[in-house]
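Please keep the sequence and the structure in view while reading.

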Amino acid sequence: MNLDWIRKCCLSFPHVTEHVQWESLVFKVGGKIIAIAPLEPSNAVLSFKASPEDFAELTEIPGVIPAPYLARAQWVALEAEDALPPREIKRLLRKSYDLVLAKLPRKVRKELA
């Protein structure tokens, strides 16, 4: 997993846009963030939203921490590219996308449909 892989994965989801913000690549759907990947070396290589159940399980795994500033919203951060297998990361990124999409206002979801 590297930045190109993260980018390709996130942009494969419908209506996801990519932005450079906070010295990071920020992936959004309907204007809401689904994942953040720093462009410069950082304590985390990827941050994304998780369900409450996944948040509790993931933060027990070495190399996965509550995301700084976002943990209260159930975000996790991977400290290294190999913290989780790529297949699992892709599944979790899709889940992040689904969680964020579900919380968008009905009007925005309708516009994206």
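Buried here means under 20% relative accessible area, exposed means over 50%, and partly exposed lies in between, with a 1.4 Å probe and protein chains only. Helices (H or I, at least four residues) and strands (E, at least two) are DSSP runs, numbered from the N terminus. This is a predicted model, in which local features need pLDDT of at least 70 and side-chain atom pairs count only at pLDDT 80 or more, while totals for chains, interfaces and linings use all residues. Residues are numbered from 1 along each chain as its sequence is written, and side-chain values use heavy atoms, with hydrogens and water left out.

Two strands pair if DSSP finds at least two bridges between them. Strand 4 and strand 3 run antiparallel and are joined by two bridges; F48 has A35 opposite. Strand 4 also pairs with strand 6 (residues 75-78), in the antiparallel sense and over four bridges, and here S47 stands opposite A77.

## The hairpin of strands 2 and 3

Six bridges connect strand 2 (residues 24-29) with strand 3, again in the antiparallel sense. In this pairing A35 of strand 3 lies opposite F27. Two residues stand between the strands of this hairpin, and G30 takes a positive phi near 60° there.

## Positive phi outside glycine

E23 is not a glycine, yet it has a positive phi of about 55°. E23 belongs to the loop between strand 1 (16-21) and strand 2, and it is exposed, with a relative accessible area of 60%.

Q74 is likewise not a glycine and has a positive phi of about 65°. The loop that holds Q74 runs between strand 5 (64-66) and strand 6. With a relative accessible area of 22%, Q74 is partly exposed.

## Helix 3

Helix 3 contains 18 residues and spans 26 Å from its first C-alpha to its last, close to the 26 Å expected at 1.5 Å a residue. The expected span is 1.5 Å times one less than the number of residues. I89, L92, L93, S96, Y97 and V100 are the buried residues of helix 3. They cover an arc of only 145° around the axis, so they lie on the same side of helix 3. The arc is that of the directions from the helix axis to the C-beta atoms. An α-helix has 3.6 residues a turn, so residues three or four places apart point the same way.

R87 and A102 are exposed on the other side of helix 3. L99 also lies in helix 3 and is partly exposed, with a relative accessible area of 26%. Although L99 and S51 are 48 residues apart along the chain, their C-alpha atoms are separated by 7.5 Å.

## Helix 1

Helix 1 (residues 3-11) has I6, C9 and C10 as its buried residues. Seen down the axis of helix 1, these residues fall within an arc of 95°, so they line one face. The face turned away from this buried side carries the exposed residues D4 and K8.

## Pockets

The largest pocket holds about 270 Å³ of space. On a 1 Å grid over the protein atoms alone, a pocket is an open set of points where a 1.4 Å probe fits, with protein on both sides within 12 Å along at least five of seven lines; lining residues have an atom within 4 Å of a point. Grid points are joined across faces, edges and corners, and a volume is the space filled by probe spheres set on the points. The lining of the largest pocket comprises 14 residues, of which I36, P38, S47, P68 and Y69 lie nearest the centre. By class, this lining has 10 nonpolar, four polar and no charged residues. Ala, Val, Leu, Ile, Met, Phe, Trp, Tyr, Cys and Pro count as nonpolar, Asp, Glu, Lys and Arg as charged, and the others, Gly among them, as polar.

The second largest pocket has a volume of about 170 Å³. Its lining is formed by K32, I33, K49, A73, W75, V100, K103, L104 and P105. Strand 3 (32-38) and helix 3 (86-103) are the elements that give two or more residues to this lining. The lining of the second largest pocket divides into six nonpolar, no polar and three charged residues.
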